[in-house]
Amino acid sequence: MAVFPRPSKPSAVWADFKALLRQQERHKLLIALVSVLMPVIIVTGFYVDSKMDPPKAQIIYAQSWPASRTDAEIVKQNIADQKIRDAALAEKQRGYRKLADQLGIDYEQQPKR
């Protein structure tokens with residue numbers, strides 16, 4: 001006893017396809033077209049995506065410090081770095097406030113975190 005049905009012959013599949021095309025029911029043709037088109041689009045998308053260039057390497061430079069630097073120099077550098085971070089944060093907040101003004105959002109009423 002066979003578990004799987006016997007596969008149909010290509011000639012029988014072609015005859016069924018021609019019979020489907022001869023029918024006057026337009027919705028069946030559209031459904032057949034969509035059901036063939038969807039896998040083709042998905043496979044094409046995977047093919048195109050596989051041909052894309054890999055991202056370029058990003059170089060990250062680390063600062064090197066002498067082992068003899070004092071705690072005062074470290075604190076001074078931390079303060080300078082914090083000023084740079086605060087300036088970047090303030091610029092980001094200005095951008096968000098400008099966007100909120102354009103969208104009509106009252107940002108002063110938002111709870112502080």
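Just after helix H3, glycine 104 takes a positive phi of about 80°, and this briefing starts from that point in what is a predicted model. Helix H3 itself covers residues 71-103, while another helix, H2, covers residues 26-50. The structure holds 1 salt bridge, and the side chains that meet in a salt bridge are those of glutamate 91 and arginine 94.

- Helix H3 has 33 residues and reaches 47 Å from its first C-alpha to its last, a span that is close to the 48 Å expected at 1.5 Å a residue.
- Glutamate 91 and arginine 94 both lie in helix H3, where they are 3 residues apart, or about one turn of the helix.
- An α-helix has 3.6 residues a turn, so residues three or four places apart point the same way.
- In the salt bridge between glutamate 91 and arginine 94, the distance from N to O is 2.8 Å.
- Glutamate 91 counts as partly exposed because its relative accessible area is 48%, which falls between the limits of 20% for buried and 50% for exposed.

**The segment after H3**

- Tyrosine 107 is placed in the segment after H3, and, when residues up to four places away in sequence are not counted, tyrosine 107 touches Arg97, Ala100 and Asp101.
- With a relative accessibility of 29%, tyrosine 107 is classed as partly exposed.
- Between tyrosine 107 and glutamine 63 there are 38 Å in space, C-alpha to C-alpha, and the two are 44 residues apart in sequence.

**Helix H2 and the annotated region**

- The unreviewed UniProt entry places the feature "transmembrane region" at residues 29-48, and in the model this span is 100% helix and 0% strand.
- The end C-alpha atoms of residues 29-48 lie 28 Å apart.
- Leucine 33 has its place in helix H2, and together with Leu30, Leu37 and Ile41 this leucine forms a nonpolar patch on the surface, for which the accessible area of the four together is about 390 Å².

**Lysine 28**

- Lysine 28 also belongs to helix H2, and its relative accessible area of 34% makes this lysine partly exposed.
- Leaving aside residues up to four places away in sequence, lysine 28 touches Leu20 and Gln23.
- The C-alpha atoms of lysine 28 and glutamine 102 are separated by 50 Å, and these two residues are 74 residues apart along the chain.

How values were computed. Residues are numbered from 1 along each chain as its sequence is written. This is a predicted model: local features need pLDDT of at least 70, side-chain atom pairs count only at pLDDT 80 or more; totals for chains, interfaces and linings use all residues. Side-chain values use heavy atoms; hydrogens and water are left out. UniProt positions are given in the numbering used here, feature names are shortened, and annotations may be inferred rather than shown by experiment. Helices (H or I, at least four residues) and strands (E, at least two) are DSSP runs, numbered from the N terminus. Buried means under 20% relative accessible area, exposed over 50%, partly exposed in between (1.4 Å probe, protein chains only). Contact means heavy atoms within 4.5 Å. Patches are made of residues with over 30% relative accessible area and no salt bridge: like charges are joined within 9 Å, nonpolar side chains (Val, Leu, Ile, Met, Phe, Trp, Tyr) within 5 Å. Accessible areas come from the Shrake-Rupley method with a 1.4 Å probe; for residues, only the protein chains shown count as cover. The expected span of a helix is 1.5 Å times one less than its number of residues.
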